[in-house]
Amino acid sequence: MNHTRPERRQGPSLVRGGLVPESTHDQRLLDRRGPTGWLHEDPWRVLRIQSEFVEGFGALADLPPAVTVFGSARTGPDTPEYELGVKVGAALAKAGYAVITGGGPGVMEAANRGALEAGGVSVGLGIELPHEQRLNDYVDLGIEFRYFFVRKTMFVKYASGFVALPGGFGTLDELFEALTLVQTRKVTSFPVIMMGVSFWSPLIDWIRDTLLVSGKISPQDVELVSVTDDPDEAVRLIVEADRRSATQ
């Protein structure tokens, strides 16, 4: 065996022969003339993802008990749905909960506004989108995320429950992810409340008449969600779930 081959230790690894690079990691790190394509490669994305988790955990760790409120960004301020969002945010704040939303306009703004005007903590977790969408003016604490899945983790980790007001694909995505987490017991004692009976009733009917009847879900799965038009009822359901969780 020829022992004259060049070799180099790279952290815990040992490379020899033609695998030995022409420069060291430090040299490449400190060389400002190198290509910038690495900024867009998966290993660097992993570090960005890690940094988003660290930033989110650090910023939200000291929140009081919180509830995440979902809903459409397209809802105008002169609509009953916006008014309902304001009432929900205020009712949650008065009950001692911080209100977390996606930080955008529409129903999200309404819930943040209700919480802020009621003296509560108003949180917005924004997301980078192809079209411009700034955090609304009623957010006390705002974080902008690059990655949807990191943002979704923050929605769940720091919330005692979800409230879904009328919304589109994004709201449905967040709603069904929440229901899946409860169904699979990834989160427990976690109420999911759909507000807007007339809006959500067709979906509830489809869940019962199609998913349940065809055996795609179990009878108890239908009970994972509550539907109401009353903000006080929504808060009561969340408070009761918190009390049950505290005694378990």
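**Pockets, sheet and helix packing in the predicted model**

In this predicted model, the largest pocket has a lining of 20 residues, and those nearest its centre are G71, A73, M108, G170 and T171. The space in this pocket amounts to about 470 Å³. Helix 6 (169-183) provides the largest share of the lining of the largest pocket, namely four residues, and helix 5 (148-157), like helix 6, supplies at least two residues of that lining. Divided by class, the lining of the largest pocket comprises eight nonpolar, nine polar and three charged residues.

The second largest pocket holds about 370 Å³ of space. Among the 20 residues that line the second largest pocket, V182, S189, F190, L224 and R244 are the closest to its centre. Helix 9 (231-247) gives the most to this lining, with four residues, while helix 6, strand 8, helix 8 (219-222) and helix 9 each contribute at least two residues. The class composition of the lining of the second largest pocket is nine nonpolar, six polar and five charged residues.

Turning to the sheet, seven strands are arranged as an open sheet in the order 6-5-4-3-7-8-9, with parallel pairing. Because strand 6 (141-145) and strand 9 (225-228) stand at the edges and each has a single partner strand, one side of each is left without a neighbour in the sheet. On average, and with direction ignored, neighbouring strands of this sheet are turned by 20° against each other. Within the sheet, strand 3 (residues 66-70) and strand 4 (residues 98-101) run parallel and are joined by three bridges, and T68 stands opposite I100 in strand 4.

Helix 2 (residues 42-60) packs on the sheet through contacts with strand 5 (122-127) and strand 6, and its direction makes about 170° with that of strand 6. Helix 3 (residues 80-94), for its part, lies across strand 3, strand 4, strand 7 (162-164) and strand 8 (192-195), and runs at about 175° to strand 3.

Helix 3 also packs against helix 4 (residues 107-117): the axes of the two helices come within 6 Å and cross at roughly 35°, and the crossing is right-handed. At this contact, E81, Y82, G85, V86, G89, A90 and A93 in helix 3 meet V107, E109, A110, A111, R113, G114 and A115 in helix 4. By class, the residues in the contact of helix 3 with helix 4 are eight nonpolar, three polar and three charged.

The largest cavity, with a volume of about 50 Å³, is lined by F70, K152, F155, V156, F162, E174, E177 and A178. At least two residues of this lining come from each of helix 5 and helix 6, and the lining of the largest cavity divides into five nonpolar, no polar and three charged residues. The second largest cavity contains about 40 Å³ of space, and the residues that line the second largest cavity are G102, G103, G104, G126, I127, Q133, R134, L135 and E144. In the lining of the second largest cavity there are two nonpolar, five polar and two charged residues.

Technical notes: Residues numbered from 1 in each chain as written. Predicted model: local features only at pLDDT ≥ 70, side-chain atom pairs only at ≥ 80, totals over all residues. Heavy atoms only, no water. Pairing = 2+ DSSP bridges. Axes fitted to C-alpha atoms, helices over the stretch in contact; angles between N-to-C directions. Contact = heavy atoms within 4.5 Å. 1 Å grid on protein atoms, 1.4 Å probe; cavity = no way out; pocket = protein on both sides within 12 Å on 5 of 7 lines; lining within 4 Å. Points joined across faces, edges and corners; volume = space filled by probe spheres on them. Nonpolar A, V, L, I, M, F, W, Y, C, P; charged D, E, K, R; others polar. Left-handed = near helix turned anticlockwise from the far one by under 90°.
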